[in-house]
Amino acid sequence: MHKLIRRSAVQGTQALILALALAGSGPASAGSKPPYEYYVVGNPADARPAQLPREPSVLLMGGGPDVDAAFPWMITRGGGGDFVVIRARGTDAYNPYIYAMGGVDSVETLIIPSIEAANDPFVIDRINKAEALFIAGGDQSDYINYWKGTGVEQALQGLIARNVPIGGTSAGLAVMGQFDFAAFNGSAYSDDALANPYYKRMTLDRTFLTAPGLGYVITEAHLDTRDRMGRLVAFMARIVQDGWSGMARGIGVDVETALAVEGSSVTRLGTGSAYFLQSTGLPQVCQPRTPLTYRNLGVQRLSGNGRFDLQNWRGYNDATTNYTLSAESGILYSTQPGGSIY
C-alpha cells in the first residue's frame, strides 16, 4: 500500500487527510497511480456506530447550493459513522464541509472515473463500510457508463438493502429513481423534448439504482431554475409509450431544496418546492419528430412544512397544492390560476 499523508486545519480542528493508493487486488507499486482518488478527513479506521434504522432513509437534493440541514439528517440516520461521498470527477470539497457539522466519525470522498476504478476492491470496500453515502453532482452519463454493472453498483445495492442512508444531488439525484435521464448525448431542454420526445438528446436508462420508495419514478433536479417541467413530462410519456411501465411517476426538485425520506414519509428541507407527478395512461400522441400530446397528469406541489407519502402518492396538509398538467401539441398547459406550470 502506498500512502500520501498531509495535514490541514478544518475550522480549527486538525484533520487528517489521507490519500490511499491501492490498485487492483494487490498493493500498488511505488510510483504507480491507482484508477481512483480517495480522500478522508477524520478517523480513517472503520467506525462501528449504533444500529442503523429499521426503515430506509433517502435524501433527494435538487442541485445548486447545498441544503445544510440535509447532511446532519443523514449523519444522524447513519448513527454517526463513516460518511462516504462518491463522484466521477471533481474534488474532496464535501469532506471539510460535512465534517465541520460534527457527529460523524469520518468523511471520505471517492472519485471513481472509470469501470476499472468501479471494480477496484479498495473502492468497493470503502463503500461497503459506509454508514451514509452521498452521490455528488456532475454528469449522470459518467455514473451510468462507469458504475452500472460493476462492483460499485453491487455495493450501493448492498447499502440500500441494509437501510444505510443514501442520497444525491443534481446528477446524483438523477440516478436515484427506477428510470433515469441518462444524458448520453448531453442535456435536453423542455422545448425540444415537448416538440419531439424522441429527439437525440432524450436518452433514458433503467435498472441502474432504485432508491427505496422510488419504483416507477424518474427524478429531475434544478426544476425551477432550468425550466425542466416540460422535459419531465416528456420523460414520463416516453416511459409509458415505450412499454417500460404501465405507470410513470416524476419527482422534480427545485434548487436549494431537499427531500428527506424516512420509510415512505417525505419532509421538505430548504427554500424551494418539490413536485410529484403521476401519469394517466398512454400519451395521446408520442411519436418521433411529432409534438407531444399527453393530457391530465396529476401534480402535487410540496412547499413549506408539508409532508408527502410515497406509498400512497399523496401530500398532506395545506402545504400541498394539487393541479393537472397537459401537453397539447408540444405546449404545456396547467389548471392552476393564471396557467402557471410550477
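Lys148 is partly exposed, with 30% of relative accessible area; the label covers values between buried, under 20%, and exposed, over 50%, using a 1.4 Å probe and protein chains only. Its side chain meets that of Asp205 in a salt bridge, 3.1 Å from N to O. That term stands for a side-chain nitrogen of Lys or Arg within 4 Å of a carboxyl oxygen of Asp or Glu. The pair links distant parts of the chain, 57 residues apart: Lys148 sits in the loop between helix 5 (140–147) and helix 6, and Asp205 belongs to strand 10 (residues 204–206). Asp205 counts as buried because its relative accessibility is 10%.

Before going further, keep in mind that this is a predicted model, where local features need pLDDT of at least 70 and side-chain atom pairs count only at pLDDT 80 or more, while totals for chains, interfaces and linings use all residues. Residues are numbered from 1 along each chain as its sequence is written, and side-chain values use heavy atoms, leaving out hydrogens and water. As for helices (H or I, at least four residues) and strands (E, at least two), they are DSSP runs numbered from the N terminus.

Back to the charged pairs: a search of the whole structure turns up ten salt bridges. One of them joins Lys129 to Asp125, with the closest N and O atoms 3.2 Å apart. Lys129 counts as partly exposed because its relative accessibility is 30%, and Asp125 counts as partly exposed at 28%. Elsewhere, Glu55, Arg77 and Glu262 are linked in a network of salt bridges.

Now look at Arg231, which forms a salt bridge with Glu220, the closest N and O atoms being 2.7 Å apart. Here the link runs from helix 9 to strand 11 (residues 217–220), and the two residues are eleven apart in the chain. Both Arg231 and Glu220 are buried.

Helix 9 itself (residues 229–241) has 13 residues and spans 18 Å from first C-alpha to last, close to the 18 Å expected at 1.5 Å a residue; the expected span is 1.5 Å times one less than the number of residues. Helix 9 is mostly covered, with twelve of its 13 residues buried, including Leu232, Ala234 and Phe235. After helix 9 comes Gly243, with a positive phi near 80°.

What about the nonpolar cores? Each is a set of buried Ala, Val, Leu, Ile, Met, Phe, Trp, Tyr and Cys residues joined through side-chain atoms within 4.5 Å. The largest has 50 residues, and Ile86, Ile112, Ile127, Trp147, Ile251 and Phe276 have the most contacts inside it. Helix 6 (residues 151–161) gives the most to this core, five residues. Apart from it lies another core of 33 residues, among them Ala193, Ala234, Tyr323 and Leu332. Ile251 touches, among others, Leu60, Leu232, Phe276 and Trp313, not counting residues up to four places away in sequence; contact means heavy atoms within 4.5 Å.

Strand 3 (residues 37–42) has five of its six residues buried, so it is largely enclosed by the rest of the structure. Six bridges join strand 3 to strand 6 (residues 106–111), and the two run antiparallel; strands pair if DSSP finds at least two bridges between them. Glu37 has Ile111 as its bridge partner in strand 6.

Finally, Pro337 lies in the segment after strand 20 (331–334). Pro337 counts as exposed because its relative accessibility is 80%.
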